[in-house]
Amino acid sequence: MYELGDYVVIKNSNFISNGTVRGASTYSGIDIEPFGDASAPKRYCRNFLIKNNKFITNRGTGLRTERCLDAIIYGNYFNKNSTNIELHRSFYSTEDITDSSNRRYISGKSYVYNNFFDGGSTINADYSNGCVDFYNNFCINQGLILAGKWIYSNFYNNLIINYVKFGSITATDTNIYSN
């Protein structure tokens with residue numbers, strides 16, 4: 001689990017079978033969450049690049065984030081994770097967050113594109129608003145293709161083959177087209 005950090009690059013790595021023997025409670029390949037306690041209030045991690053990685057048969061999520069802003073997730077391979085990507089509380093207005101200069105964040109959208117998904121559920125934002133542009137992905141043999149609560153998001157130009165169903169979706173100012 002990654003708890004603190006901005007401007008982080010994770011690339012060309014393999015995250016395979018986490019949680020099948022041991023692992024943190026989410027059993028994710030990558031789990032990015034900001035640290036928060038009495039001395040350090042909740043905050044967002046921001047500016048992540050997750051590129052050209054493999055997430056295979058993780059017991060939990062291949063890639064899980066909570067309160068992460070401005071992530072770029074592209075060129076990754078996801079295979080048979082319980083859920084492939086979870087983006088939770090990734091929209092800046094869901095909490096009153098300021099940076100070290102006491103300026104409000106003005107962005108927060110994550111970009112998920114040019115990824116390959118085979119098996120598992122594709123993308124989810126269960127806990128609170130997710131904010132994402134999800135495009136040019138190849139999705140095959142998926143359980144749920146899309147589920148959760150999305151705000152100011154776009155899902156387009158994805159090749160989707162052999163999926164079971166769309167999940168329960170709550171969408172605000174969100175577009176789903178040309179998939």
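**Chat about a predicted model**

Biologist: Starting with Thr57: what does its relative accessibility make it count as?
Modeller: Thr57 counts as partly exposed, because its relative accessibility is 30%. Bear in mind that this is a predicted model.

Biologist: Where is the place of Thr57?
Modeller: Thr57 sits in the loop between β5 (54–56) and β6.

Biologist: And what is its phi? I mean the phi of Thr57.
Modeller: About 45 degrees, a positive phi, although Thr57 is not a glycine. Most residues other than glycine have a negative phi.

Biologist: What about the phi of Asn157?
Modeller: Asn157 is not a glycine either, and its phi is positive, near 55 degrees. Asn157 is in the loop between β16 (154–156) and β17 (159–165). With a relative accessible area of 46%, Asn157 is partly exposed.

Biologist: Back to the loop between β5 and β6. Where does Gly60 come in?
Modeller: Gly60 has its place in that loop, between β5 and β6. Gly60 counts as buried, because its relative accessibility is 11% and the cut-off for buried is under 20%.

Biologist: Which residues does Gly60 touch?
Modeller: Leaving out residues up to four places away in sequence, Gly60 touches Thr26, Tyr27, Asn81, Ser82 and Thr83.

Biologist: And how far apart are the C-alpha atoms of Gly60 and Asp31?
Modeller: They are separated by 9.9 Å, and Gly60 and Asp31 are 29 residues apart along the chain.

Biologist: New topic. How many salt bridges does the structure hold?
Modeller: The structure holds four salt bridges. One of them is between Arg64 and Asp31, with the closest N and O atoms 3.2 Å apart.

Biologist: Which parts does that pair, Arg64 and Asp31, tie together?
Modeller: Arg64 is in strand β6 and Asp31 is in strand β3, so the pair ties together parts that are 33 residues apart in sequence.

Biologist: Are Arg64 and Asp31 buried or exposed?
Modeller: Both Arg64 and Asp31 are buried. For Arg64 the relative accessible area is 7%.

Biologist: Which side chains make polar contacts with the side chain of Arg64?
Modeller: Among them are the side chain of Asp31, at 3.2 Å, and the side chain of Glu66, at 3.0 Å. Strand β6, where Arg64 lies, covers residues 61–66.

Biologist: Which residues are linked in a network of salt bridges?
Modeller: Asp31, Arg64, Glu66 and Glu86 are linked in such a network.

Biologist: Which residue does Asp133 meet in a salt bridge?
Modeller: Asp133 meets Lys109, side chain to side chain, at 3.1 Å from N to O. Asp133 is in strand β13 and Lys109 is in the loop between β9 and β10 (110–113), so the pair ties together parts that are 24 residues apart in sequence.

Biologist: Is Asp133 buried or exposed?
Modeller: Asp133 is buried, with a relative accessible area of 10%. Lys109 also counts as buried, at 16% relative accessibility.

Biologist: Moving on. How many residues are in the largest nonpolar core?
Modeller: There are 27 residues in the largest nonpolar core, and Leu63, Ile73, Ile85, Val112 and Ile123 have the most contacts inside it. The elements that give two or more residues to this core include β1 (6–11), β4 (45–51), β7 (68–74) and β12 (121–130).

Biologist: Take Ile73. Which residues is it in contact with?
Modeller: Apart from neighbours within four places in sequence, Ile73 is in contact with Ile50, Leu63, Ile85, Leu87, Tyr111, Val112, Tyr113 and Asn115.

Biologist: Last topic, confidence. What pLDDT does the protein chain average?
Modeller: The chain averages a pLDDT of 78, and 74% of the residues score at least 70.

Biologist: Over which residues is the pLDDT below 50?
Modeller: Over residues 101–106, a stretch that has 15 contacts in the model beyond near neighbours in sequence. Where pLDDT is low, the predicted coordinates should not be read in detail.

Notes:
Residues numbered from 1 in each chain as written. Predicted model: local features only at pLDDT ≥ 70, side-chain atom pairs only at ≥ 80, totals over all residues. Heavy atoms only, no water. Helix = DSSP H or I, 4+ residues; strand = E, 2+ residues; numbered from the N terminus. Buried < 20%, exposed > 50% of the residue type's maximum accessible area, 1.4 Å probe, protein only. Polar contact = N/O pair within 3.5 Å; in protein donor to acceptor, adjacent residues only side chain to side chain. Core = buried A, V, L, I, M, F, W, Y, C linked by side-chain atoms within 4.5 Å. Contact = heavy atoms within 4.5 Å. pLDDT = per-residue confidence, 0-100.
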